[in-house]
Amino acid sequence: GESADYSWGKLVDTSCLEPRGVASVSREPGNLQDAECHFHLELGSTPTPDEPCQNVIVDAPFRIANACPCDIHCLLGYGQSQRLGDEGSDCPEHELLRVLDFAGLSRLCSAQSFEACWPLIVSLQDTSSRGGLWEVPPNGSAEIFPLRLDKNGQFAWCAGKSEAKKRIACKRGTNLLRAVRHGNRVVWQCHKVDALQAAIPALCIQPQQDLAVFDLPLERLLITVALEEQFAERRTSWANPLPISVPPSVPSQAPLRPKWEGEEVELHLAWQPGRRVVVCAKSWFADATGLGVGMSCSDDKKRLPCFGNNISLCGEFHGESPHISLHMPGEKGCSVQVPMVGSSARVSLSPLHTCALMAEHIASATTFGIQCKLLTVVPGLMAYSHLADFEVGFRQQGCEDAIWLSRGESSQLYWSSADGRKRVEVAVRRVGAPESPPAEFSAPVEVVERGIGAFPMAFTVRTPRMRQLACLQVDQCGELFTLTVSDESACHQLVNRHPCLILDACFAGEEEDGVSHAVVPCSERAFLGRAAKSHNPFARDCLRLILADTEDPTCSFCTEVDLERASQQKIARPCAIVSVQIRARVAVVTVSPVIGSMAAQEIVWGSEIEVVVPHLSISLISERPRGEAFRLTLEGLEMTDRVTASGLQTSELLVRRLQLDMQTPSPMVVLASERSPALRLAITREDIAARNISLRRVDLQLARMEVTADDALILEASILGELVTQAMASKDLGSTEVSGRALSLWGAVERAGVPYNLTCGGPPQPSSKYIVHEVLVSPLDLRLFCRLSVSNLPEWLVALVAVLSFSMTIEVDGANVKLSEQHLFGGGQLPFEGSLGALGELMVRHYVKFFPKALMSLANNSNLILGGFFSRHKFFPKDRRVQQVCSNPLPVVGGVVTLMWMSSEETSL
């Protein structure tokens, strides 16, 4: 368009600028005389002798960001309030009503000295959102907005040294409270702000968009939002108005609750430094089953709507073990417990549809720093085909309906019959082959934790070779199972490196079945698999091998080779070595000639290795800014590994002293052992040569530990954790995945409404199978010390903690957290069989149920109840026994971490 000249705004003296900045106004000429454009000027840097220039940053007065996975409609304007009536109270005349705003805007109408006054605290009790604390000075007033009341429409307050809370019932519909003090009298003026006079037309803000607003000043400006339902193309009601501006030193959040068909949609407005407000939803739900599954917060609630991109916004989940209800069209709702982030829960939507509910973090870098999580319901079983020139069929045992996949294709698998056994049969057929005669399906495979592994199979097909080898790989990731059929390169192998022998091999018990039979001449290799029709995944693979001399027909030898473990066997006549190696969960059998010293009698050795390290320090380096973030110090480290001639392995780890220090921003001891030894771990493995890792016993002994936490630790750990997860990313999925553990906002959008097998990037990496017979964990004894802001708590706990403790800081001094000794899998119980990830999830679920009772001692050693006035915390606080960090932080010179004992010359080198 054509350029336009703008009139100059008011003059600003840059020498008077402060970091908080000032606002300036510029007007447009011509037909836009009434239009204004507002700017925010802020001091960027102060002059120095080296750089006498002064930087001034020009920006918008405020920004609106969308951290939701759907479009939001925003309306900006000024509130229209209705006065509903007044309530009155008496309070000491010279006491201070102190206001700390976390839920809304606090405006002190008159300022007086607060230092010598006891507080009169107005505290909001809304366990479903973040309440706040406000200060009202003597003979002053404050506007408390938004006001969140308890279920009885009341708020509580107390004054001075009195610990007793007084409750005031507000007029029905009150969401703004004005506290006015005159002498010893407080008048509570109840207002209702339910309408917004729009200052500009409604704005539509897309996901992850950060919109700068120049049109309006900040003073008394309010914001409300609405969402548009994806399929009905109708909007929700406008949400409760909230102020754009809050005190810059108090980052805060408050709920926005537009309504859809009478039900509230839980959103939040977050005020952030830099004059930015973020509209967000804390929890999202996506269906990735291909079944059209919806979600409701309980069985008696309506199904949540989608407001764009096939994602529902489900708010926060309250309680110790929250449940949601999943609905498949035509079926009753199914209740399932919400899993912890990073884990999953199995759910049966119908007798035919077994699925998994996963909980994942959304990368905070894509949601403007807001912590959000995604709940995704995915198929419980998925199939993949990596077999070239052939189609792979999957069906339920005893059923005719099958799903056929070509190379590179995948599908979710659901059961065809509720009465049939929940097992899977597999078949292969050449691409384009006629359907008659039908393909031969394998023996049924039970898809359970103990059934993971690689299973080579030989199928009878109509080809010149009359057979086709394929490897069925069963893997598990949480409650999600995958079946992957790969080509013969993933099967067992028989390699003949002996120049004088020809090998004849078949599986034990299948001597009469030619499909699993193989003949291997010299310098060749063959791929092996059990006959598919008689395959048993829980049977031990044993190969019947005949070694025949090509020059002497009377010289041959028959032996059985165990494919479940690595081994080496010497054959006297014909003279040969038969070795077995385990690679990618299958066996590679190699027959080689005996050379030189190999002809001597084989001696089986045991071994014992002992490593003693007096002192070991491990540092974690952070990049924002670059420097040592944490240091783990281990003293008296002893590691012992003993292996007997039979393959029994006993490993022990002993740590006499353990300490974890946070080095930046200020040194602090985070974790320290109080007694020696701090840790003792003993693991007994039955056979180190076996394909599966069988642990006879795991014994973990822990000494008493002291744990300390504060806000700086939480921030530093979250920053470092995000960097670690990014470094652990196993795949590059563009914008869909930020790390191996956290999805981006757009990654969640791309997943929703699409079968999970099309967006997950393929089956999980093959994992080893663990068989754990017994786990013994000693009693856990922790002493907790912390100083944490309530802003680190879940939203629904903030107001409750603030009311009970009369503080916005949680103080814990030496609370004892104890868990009794735990004995898992032993005592006549079946051993655990499955992946290491499944074992970890099982252990977490086992321990989580004990923590609520273990945390009861917090009440006696903290300020959680009445500020700790009637507990040991007030009169006999405990002291930390370990307060000194092990050493100073490592210096960083020119971005390079430098050991303190290195000289400057060595550093430069």
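Student: Hi! Where is Pro677 found?
Tutor: Hi! This is a predicted model, and in it Pro677 sits in the loop between β53 (668–673) and β54 (679–685).

Student: OK, and what is the peptide bond from Ser676 to Pro677, cis or trans?
Tutor: That bond is cis, with omega near -5°.

Student: What about the bond from Arg573 to Pro574, cis or trans?
Tutor: The bond from Arg573 to Pro574 is cis, with omega near 0°.

Student: And where do I look for Pro574?
Tutor: Look in the loop between β47 (567–571) and β48 (576–583).

Student: New topic! What is the phi of Asn139?
Tutor: Asn139 has a positive phi of about 60°, although Asn139 is not a glycine.

Student: Which strands are on either side of Asn139?
Tutor: Asn139 lies in the loop between β9 (133–136) and β10 (141–145).

Student: Let's switch to Glu261. What is its phi?
Tutor: Glu261 has a positive phi of about 50°, and Glu261 is not a glycine either.

Student: Where is Glu261 in the chain?
Tutor: You'll find Glu261 in the loop between β20 (259–260) and β21 (263–264).

Student: Why does Glu261 count as partly exposed?
Tutor: Glu261 counts as partly exposed because its relative accessibility is 47%. Partly exposed covers the range between buried, under 20%, and exposed, over 50%.

Definitions and conventions. Residues numbered from 1 in each chain as written. Predicted model: local features only at pLDDT ≥ 70, side-chain atom pairs only at ≥ 80, totals over all residues. Heavy atoms only, no water. Helix = DSSP H or I, 4+ residues; strand = E, 2+ residues; numbered from the N terminus. Buried < 20%, exposed > 50% of the residue type's maximum accessible area, 1.4 Å probe, protein only.
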